[in-house]
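Colleague: Hi! I'm new to this one, could you walk me through it?
Modeller: Happy to, let's bring it up.

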Amino acid sequence: MVDYAAAGVDIEAGDRAVELMKSAVAKSHNSTVFGEAGGFAGMIDASALKGMKRPLLASSTDGVGTKIAIAQEMDIHDTIGQDLVAMVVDDLVVMGAKPLLMTDYIATGKVDPQRIADIVRGIANACAAVDCPLIGGETAEHPGLMAPDDYDIAGAATGVVDEEKMLGAHRVTVGDVIIGMASSGLHSNGYSLVRRIIADAGWKLDRDVPEFGRTLGEELLEPTRLYTTQMLSLIESLPDGAVKALSHITGGGLGANISRVIPSGFMARLDRSSWPVPPVFKTLGKLGNVAWEDLEQTFNLGVGMVAIVDEESADEALGYLTALGLEPWVLGEVELSFEDSTLAPGDRLVQGAKGVQAGAALLTNSYH
């Protein structure tokens, strides 16, 4: 007789994983969470939305890509949860939205209760850090489809912003100052290229790299920085309307992501020489003989989040972000756009990135 266990699905292992993760998930909950855990769906009390003139719900979903392969090889599974949360909620805050709730999904070949609990603990801890309760999720066992130790994760979050406070290209104008904020490293983009580079070079994850001050694996597994709480605080701390737009620098790099929040007919002039590129990007570029243009189209190169603020509030914003430890600097400014035939040697103009027909981003000068 064949049963579910014989087919490769261990229901008891799934239940053990839930027991191991319950306390971490509970710590991510705030006063909005309604009802007990374990229901068919999670719920929150949305009464606060009644105080908004026109509440707009924002939704985002993402994964962490092939960074998971690094976590699997190192057998460290409690950090990629922060990557997942950052990739989702830091996209929400770009709209000016406060995250309300998050859910996760884990698919695996075979449920290892401790490994699943480690992953969820990382997600829950990051959710707690940005005050976004993790109110539900799913762990799916896929024997025969995935190898026993393989897994992938995804997450989705919902946030809210009052229409009159929504950020974006509609607020940006000539003279606005563009402020960059430091990334914690690679974040969660470009790992297919990273893995190809280190495989071709024969580098192992336990290799000590003097430029990093730690092993290659430790550098590659550094969690994505969380910006949501600080960005919401910045918006509230500056005068109304001072923060025009935010841009989360993910896949596609600086030019592609900033151009998405620049209005048509305008251009973000970005100075490549305004910040030092962290060693991990230089090392990977040199190791793989990757051109700078390819690096800047793949990685964040040290810029994790960007704020566009009005000129009068730029110094205050810089001071505030410095106090928060985000290592800000003036990255550039907003100008009227011009024909790319006038570009200087080495300059690169990015327009129409990721399907958004908006403004442009001009990258000038050289990295250092």
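Modeller: One term to start with: a crossing is left-handed if the near helix is turned anticlockwise from the far one by less than a right angle, and right-handed if clockwise. Helices here are DSSP runs of H or I with at least four residues, strands are runs of E with at least two, and both are numbered from the N terminus. The model is predicted, with local features needing pLDDT of at least 70 and side-chain atom pairs pLDDT 80 or more, while totals for chains, interfaces and linings use all residues. Residues are numbered from 1 along each chain as its sequence is written, and side-chain values use heavy atoms, leaving out hydrogens and water.

Colleague: Thanks! So how does α1 pass α4, left-handed or right-handed?
Modeller: That crossing is right-handed.

Colleague: And at what angle do α1 and α4 pack?
Modeller: The angle is about 20 degrees, and the axes, which are lines fitted to C-alpha atoms over the stretch in contact, are 8 Å apart. Angles run from 0 to 180 degrees between N-to-C directions. So α1 is roughly parallel to α4, a label for angles under 35 degrees; over 145 is roughly antiparallel, 65 to 115 roughly perpendicular and the rest oblique.

Colleague: Which residues of α1 and α4 meet?
Modeller: Among them are Ala 13, Leu 20 and Met 21 in α1, and Ile 116, Val 120 and Ala 124 in α4. Contact means heavy atoms within 4.5 Å. By class, the α1 and α4 contact has 12 nonpolar, one polar and three charged residues. Ala, Val, Leu, Ile, Met, Phe, Trp, Tyr, Cys and Pro count as nonpolar, Asp, Glu, Lys and Arg as charged, and the others, Gly among them, as polar.

Colleague: New topic: how much space lies in the largest pocket?
Modeller: About 960 Å³, taken as the space filled by probe spheres set on grid points joined across faces, edges and corners. A pocket is an open set of points on a 1 Å grid over the protein atoms alone, where a 1.4 Å probe fits, with protein on both sides within 12 Å along at least five of seven lines; lining residues have an atom within 4 Å of a point.

Colleague: What lines the largest pocket?
Modeller: There are 35 lining residues, with Val 18, Met 21, Gly 38, Gly 137 and Glu 138 nearest the centre. Helix α1 gives the most, nine residues. The lining has 19 nonpolar, nine polar and seven charged residues.
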